[in-house]
Amino acid sequence: MVIYSACICTKAGKILVAKQFVPISKIKVEEYVSSLPRHITKGYQHTQIEIENLRYLYIPIQDLLLVLITSKSSNVIEDMEILKLLYGIVIDQCKDGGVSESKVMSCAFDLILAFDDVVTLGYRESVSVAQVMEYLEMDSSEEKSFIKQQKMRENEAKEVARKKQREIDRNKKLQAKGYLLLCS
């Protein structure tokens with residue numbers, strides 16, 4: 001079972017977020033996803049399409065599609081479980097305001113990280129939606145210390161800027177007084 005890519009795209013085939021799990025070019029993924037709308041038959045409730053050596057599994061989410069691109073030799077039932085897991089993650093990440101193009105784009109980084117936690121090197125990891133959400137929310141002591149140092153640097157830079165501004169203002173006042181004294 002090999003999963004090539006997971007992506008969220010518009011129903012017209014425009015990719016919003018995509019994660020490739022095996023070495024595959026961006027152009028190839030765009031080609032695969034852009035051809036998907038031509039193969040979706042209106043009125044049918046199939047959520048999988050097989051063409052050539054690929055299998056598309058998809059779930060409509062409002063005006064978007066969550067798509068899983070796999071090899072034909074992969075286990076369809078397991079692929080559907082992965083798709084449902086990814087669906088749960090997308091819904092959870094985009095819960096504020098619903099799943100829309102703009103919301104997906106604003107949550108893109110977290111979605112890609114979550115997709116990566118579910119599938120590694122084309123194979124499923126044994127995780128649940130709750131575990132993935134926990135992984136995404138984990139704090140890092142290095143990150144906290146970095147943020148603290150960055151704020152300290154910003155505050156120091158602001159203080160230096162204030163001192164420079166005061167010095168410039170003082171010099172301007174002195175120059176103005178000196179100029180006035182020379183003119184009178």
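Author: Buried means under 20% relative accessible area, and exposed means over 50%. Keep in mind that this is a predicted model.

Reader: Fine. Which residues of helix H4 are buried?

Author: Helix H4 covers residues 108–118, and its buried residues are Ala108, Leu111, Ala114, Phe115 and Val118. Seen down the axis of H4, they fall within an arc of 125°, so they line one face of the helix.

Reader: On to H2. What is buried there?

Author: Asp79, Ile82, Leu83, Leu85, Leu86, Ile89, Val90 and Gln93 are buried in H2. The arc that holds the buried residues of H2 is 160°, so these line one face of the helix.

Reader: And which exposed residues sit on the face turned away from that buried side?

Author: Ile77 and Lys84.

Reader: What does the side chain of Asn75 reach at the start of H2?

Author: A side-chain oxygen of Asn75 comes to within 3.0 Å of the backbone nitrogen of Ile77.

Reader: How far apart are the end C-alpha atoms of H2?

Author: They are 25 Å apart. H2 has 18 residues, 76–93, which should span 26 Å at 1.5 Å a residue, so the two values agree.

Reader: What does Val33 touch, leaving out residues up to four places away in sequence?

Author: Val33 touches Cys7, Cys9, Gly13, Ile15 and Ile69.

Reader: And where is Met138 relative to Val33?

Author: Met138 is 105 residues from Val33 in sequence and 32 Å from Val33 in space, C-alpha to C-alpha.

Terms used
Residues are numbered from 1 along each chain as its sequence is written. This is a predicted model: local features need pLDDT of at least 70, side-chain atom pairs count only at pLDDT 80 or more; totals for chains, interfaces and linings use all residues. Side-chain values use heavy atoms; hydrogens and water are left out. Buried means under 20% relative accessible area, exposed over 50%, partly exposed in between (1.4 Å probe, protein chains only). Helices (H or I, at least four residues) and strands (E, at least two) are DSSP runs, numbered from the N terminus. The arc is that of the directions from the helix axis to the C-beta atoms. The expected span of a helix is 1.5 Å times one less than its number of residues. A polar contact is a pair of N or O atoms within 3.5 Å; within protein, one must be able to donate a hydrogen and the other to accept it, and residues adjacent in sequence count only if both atoms are side-chain atoms. Contact means heavy atoms within 4.5 Å.
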